[in-house]
Amino acid sequence: MNLISKTRFEENMATRDPPWVKAIVLTLGLGFFALFLIAPLAAVFIEAFRKGLNLYVSALTEPEARSAIRLTLTAAAIAVPLNVLFGVAAAWAITKFEFRHKQTLITLIDLPFSVSPVIAGLVFVLLFGAQGWFGTILSDHGIKVIFALPGIVLATIFVTVPFIARELIPLMQSQGTEEEQAALVLGASGWQMFWRVTLPNIKWALIYGVILCNARAMGEFGAVSVVSGHVRGLTNTMPLHIEILYNEYQFSASFAVASLLALLALVTLGLKSFVEWRGALRPHHQHAEGHS
């Protein structure tokens, strides 16, 4: 028996379970998936349309809902590009340079994963609120952070900081610095090296991180709830607007807005799957080009 045949035989032996074991495992897996993922998602759309299409459209087009949708998209549109800049810069510094306290920077990037979003919101209130450390200075200059768009953007940036950097760091570490060094030897500037060498190599991981960052930004509740003040029609994002509608027993309207968030989540999932697929294809294309 040659090595390949032996390996295949061992793989088959490792997965040669009785049919009833496979059936139980498959049933449990699909049952869990259906009960905890598919059923809640389906329930959102069923409840959203239960009282008809007219009520659904009305719930999404009334002024407070439109304001919440607009604010959510605006906060994400500001926070995500800023996190792209920070994520790429942090990943570049961590993977391409050696410096003191590198591990400290990595720990700080992971900080939002370990800190409750509510605590993060309270910290921003402590810093920028009317009675906060910088509250008087901001007030004297007519700058409002808490209970306004800047506070919502700051809270959103904080909770989404790790997503892009954490996607790029492992990939850039595995790629090393040989290609960049070769580009420098050939006379490329730092900017040319980034655009022509580094960026093409991290493109799909960057897009993947942006998708996850955007999904988290639009769905954030805890930190934004603290800094927004829940001013209806002004500082309520979509998650906050859903909570208010639900607390006021406007269930159909709350599920209508929730269905829009769920739809955005499904679109995000589709984009995520596409990016994973393209990212998986890319090494095969490179391998084929290398043999052509």
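## Exercises on salt bridges, rings and a pocket

A search of the whole structure, which is a predicted model, turns up 7 salt bridges.

**Exercise 1. Find which residue pairs with Glu180 in a salt bridge, and where the two partners lie.**

Step 1. Glu180 forms its salt bridge with Lys96. The closest N and O atoms are 3.2 Å apart, and the cut-off is 4 Å.

Step 2. Glu180 sits in helix 9, residues 178-185. Lys96 belongs to helix 4, residues 63-96.

Step 3. Check the surroundings. Both Glu180 and Lys96 are buried.

**Exercise 2. Work out which parts of the chain the Glu248 and Arg232 pair ties together.**

Step 1. Start with the contact. The side chains of Glu248 and Arg232 meet in a salt bridge at 2.4 Å, N to O.

Step 2. Locate each end. Glu248 lies in the loop between helix 12 (238-247) and helix 13, and Arg232 lies in the loop between helix 11 (222-228) and helix 12, so the pair ties together parts that are 16 residues apart in sequence.

Step 3. Read the accessibilities. Glu248 has 35% relative accessibility, so this residue counts as partly exposed. Arg232 has a relative accessible area of 36% and is partly exposed.

Step 4. Glu64 joins Arg232 and Glu248 in a network of salt bridges.

**Exercise 3. Describe the salt bridge of Glu47, and decide whether Glu47 is buried, partly exposed or exposed.**

Step 1. The partner is Arg50, with a distance of 3.0 Å from N to O.

Step 2. The relative accessible area of Glu47 is 24%, so Glu47 is partly exposed.

**Exercise 4. Classify the ring pair of Phe194 and Trp195, then that of Tyr249 and Phe251.**

Step 1. Take the total. The structure has 13 aromatic pairs.

Step 2. Take the Phe194 and Trp195 pair. The ring centres are 5.9 Å apart and the planes stand at 80°, so the pair is edge-to-face. The cut-off for this class is over 60 degrees.

Step 3. Look at Tyr249 and Phe251. Their centres are also 5.9 Å apart, with 90° between the planes, and this pair is edge-to-face.

Step 4. Phe194 is at 16%, so Phe194 counts as buried. Trp195 is partly exposed at 44%. Tyr249 is at 66% and counts as exposed. Phe251, at 33%, counts as partly exposed.

Step 5. Look for a wider group. Ring pairs link Phe194 and Trp195 with Trp92 and Trp191 into a cluster.

**Exercise 5. Describe the largest pocket: its volume, its lining and the element that gives the most to this lining.**

Step 1. The volume of the largest pocket is about 230 Å³.

Step 2. List the lining. The residues are Ile38, Leu41, Ala215, Leu261, Ala262, Ala265, Leu266, Thr268, Leu269 and Lys272.

Step 3. Assign elements. Helix 2 (19-49) and helix 13 (251-291) are the elements that give two or more residues to the lining of the largest pocket. Helix 13 gives the most, with 7 residues.

Step 4. Sort the lining by class. There are 8 nonpolar residues, 1 polar and 1 charged. Thr268 counts as polar and Lys272 as charged.

Methods: Residues are numbered from 1 along each chain as its sequence is written. This is a predicted model: local features need pLDDT of at least 70, side-chain atom pairs count only at pLDDT 80 or more; totals for chains, interfaces and linings use all residues. Side-chain values use heavy atoms; hydrogens and water are left out. On a 1 Å grid over the protein atoms alone, a cavity is a set of points where a 1.4 Å probe fits but cannot get out, and a pocket is an open set with protein on both sides within 12 Å along at least five of seven lines; lining residues have an atom within 4 Å of a point. Grid points are joined across faces, edges and corners, and a volume is the space filled by probe spheres set on the points. Helices (H or I, at least four residues) and strands (E, at least two) are DSSP runs, numbered from the N terminus. Rings of Phe, Tyr and Trp (its six-membered ring) pair if their centres lie within 6.5 Å; planes under 30 degrees apart count as stacked, over 60 as edge-to-face and the rest as tilted. Buried means under 20% relative accessible area, exposed over 50%, partly exposed in between (1.4 Å probe, protein chains only).
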